[in-house]
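This note is meant for a colleague who is meeting the structure for the first time. Please keep the sequence and the model open while reading the points.

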Amino acid sequence: MNFEAIMDYLPQLLRGLETTLELTFASLFSGLALALLFTLILVLRFKPLEWLVKTQILLFTGTPLLVQIFLIYYGPTQFKGLQESFLWPLLSEPWFCALLALALNSAAYSTQLFKGAVDAVPVGDWEAALALGMSKRQALTRIILPHAIRRALPAYGNEMILVMKGTSLVSTITLMDLMGYADRLNARTYDTLTVFALAGLIYLIMTGIMTLIIRLMEKKALAFSQ
Amino acid sequence: MAVLFFNATLMTLGLALSSLILGLILASVFALLELGRFRTLRYLTTTLVMVLRGLPEILVVFFIYFGSSHAIFMLTDEYVEVSPFTAGTIALGLIYGAYASQTLRGALMAVHKGQLESAKALGINARRSFIKIVLPQALRHALPGLGNQWLVLLKDTALVALIGTTELLHQAQMLSSKTFEPFTWYSVAAVIYLIITIISQRLLNNMKAKASQHERVVTA
């Protein structure tokens with residue numbers, strides 16, 4: 001492991017950083033939006049939709065993320081009808097498939113977290129809100145959800161890091177993220193230990209920065225309780 | 001086909017179980033080192049656990065698989081290939097060990113101090129009170145966490161497909177490229193993972209119920 005090699009590898013690896021970061025934030029954002037919608041459906045008990053959300057959670061938390069990515073990217077090629085449909089430009093795009101898999105995966109785990117947090121809000125909060133003349137929906141969106149989401153924040157922080165680590169799997173469907181460049185560089189140079197150690201270091205720095213951001217967010221969101 | 005998937009399922013289960021055993025051993029070692037009295041070892045273990053938890057799992061698998069051959073080559077000038085199964089077990093065991101050590105450490109610390117003091121007052125020596133009094137209670141605290149990490153480990157075995165062990169995902173990959181029916185085969189793999197997960201959850205719930213049957217429910 002010499003300095004010159006590191007200086008040679010580093011810029012090549014950093015080229016993948018953009019894809020990794022873009023995909024992380026896009027998946028987190030769409031996953032969060034879906035998770036909030038799903039939580040609402042579960043808490044308000046919209047009958048047919050509730051059943052759908054529960055099935056989605058079972059499917060996406062019960063199978064490996066890599067299988068989900070393969071199923072979404074390679075699966076549609078089996079059906080002629082899909083290839084001629086208007087969806088094909090999207091489904092043949094690895095970036096979109098990766099985003100879809102990561103977002104749905106994150107949505108499933110996040111919904112579980114949020115639903116747990118909502119269930120953990122004391123019944124008295126509901127009763128007080130209803131006693132003040134709020135409707136069930138008002139109580140939920142104004143009192144219960146803001147409180148529950150704050151409580152779920154530490155666990156959601158973990159989920160954010162899991163999604164960032166999860167993006168490393170998209171190199172298997174031809175996307176060139178950080179892991180993709182590390183893999184290519186390894187195949188070209190056979191300098192395995194240096195290449196993967198460098199890539200690992202970059203991932204660790206990202207995890208570290210994310211942990212710090214999450215801690216700041218927690219401090220802000222839970223400031224009232226300290 | 002059924003035979004192929006049956007064998008692949010056995011491979012997935014074998015991989016998961018051997019990683020679990022290695023992982024539990026590593027977790028105990030990590031937890032004891034982190035709670036131990038040697039400061040350098042404590043810091044080293046904390047750093048190792050932090051690194052393992054901060055890295056993408058696939059990177060750890062690749063690092064162990066490709067890196068071990070590379071390291072052996074550098075040390076001995078001989079090219080030795082480490083089998084994907086061994087490399088996968090070591091990588092997944094290390095990851096499981098890192099997460100589980102935190103659960104174990106928390107569980108050990110959650111056992112009330114008074115328990116050890118009473119044992120000491122009763123004249124039970126340190127080793128015996130650890131094994132007979134602290135450990136059973138700690139394991140009860142740790143069970144839910146260890147169980148969740150088993151479910152994560154089960155899903156992480158799919159990563160070993162990428163280094164060429166014929167477990168469920170790799171089997172599905174091979175059949176997909178042969179028959180051009182990727183949706184069918186990846187779905188079959190997904191369903192088998194789902195079944196194993198659901199059975200695991202059932203077993204874990206039974207274990208939890210059994211472990212807590214002695215607990216008194218205290219009502220205010």
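This is a predicted model: local features need pLDDT of at least 70, side-chain atom pairs count only at pLDDT 80 or more; totals for chains, interfaces and linings use all residues.

1. Residues are numbered from 1 along each chain as its sequence is written, and chains are lettered from A and ligands numbered from 1 in the order in which they are written.

2. Chain B has 8 helices and 0 strands, and from the N terminus its elements read α-α-α-α-α-α-α-α. Here helices (H or I, at least four residues) and strands (E, at least two) are DSSP runs, numbered from the N terminus. The C-alpha atoms of chain B fill a box of roughly 70 × 50 × 25 Å along the principal axes.

3. Of the 220 residues in chain B, 39% are buried; a residue is buried if 20 or more other C-beta atoms lie within 10 Å of its own, exposed if 12 or fewer, and partly exposed in between, with C-beta atoms placed from the backbone. Among the contacts in chain B with a separation of 6 or more, 73% join residues 24 or more positions apart, a contact being two residues whose C-beta atoms, placed from the backbone, lie within 7 Å.

4. Helix H2 of chain B (residues 39-54) has 16 residues, which at 1.5 Å a residue should span 22 Å, and its end C-alpha atoms are 22 Å apart, in agreement; the expected span is 1.5 Å times one less than the number of residues. Its buried residues are Thr45(B), Val49(B), Leu52(B) and Gly54(B), and what covers them includes H11 of chain A as well as H1 (2-35), H3 (57-76) and H4 (84-110) of chain B.

5. Arg202(B) lies in helix H8 (residues 182-211) of chain B, and is exposed, with 10 other C-beta atoms within 10 Å. Arg202(B) and Arg39(B) are 163 residues apart in sequence and 41 Å apart in space, C-alpha to C-alpha.

6. Within chain A, helix H4 (residues 65-74) and helix H7 (residues 94-120) pack at an angle of about 140 degrees, with axes 9 Å apart. Axes are lines fitted to C-alpha atoms, for helices over the stretch in contact, and angles run from 0 to 180 degrees between N-to-C directions. H4(A) and H7(A) are therefore oblique to each other, since angles under 35 degrees count as roughly parallel, over 145 as roughly antiparallel, 65 to 115 as roughly perpendicular and the rest as oblique.

7. The two chains touch through 25 residues from chain A and 32 residues from chain B. On the side of chain A that touches chain B, H4, H10 (178-189) and H11 (192-221) each supply at least two residues, and H11(A) gives the most, with 8 residues.

8. Across this contact, H11(A) and H3(B) pack at an angle of about 155 degrees, with their axes 9 Å apart, which makes H11(A) roughly antiparallel to H3(B). Residues in the contact include Phe196(A) and Tyr203(A) of H11(A), and Phe62(B) and His70(B) of H3(B). By class, the residues of this helix pair are 9 nonpolar, 4 polar and no charged, where Ala, Val, Leu, Ile, Met, Phe, Trp, Tyr, Cys and Pro count as nonpolar, Asp, Glu, Lys and Arg as charged, and the others, Gly among them, as polar.
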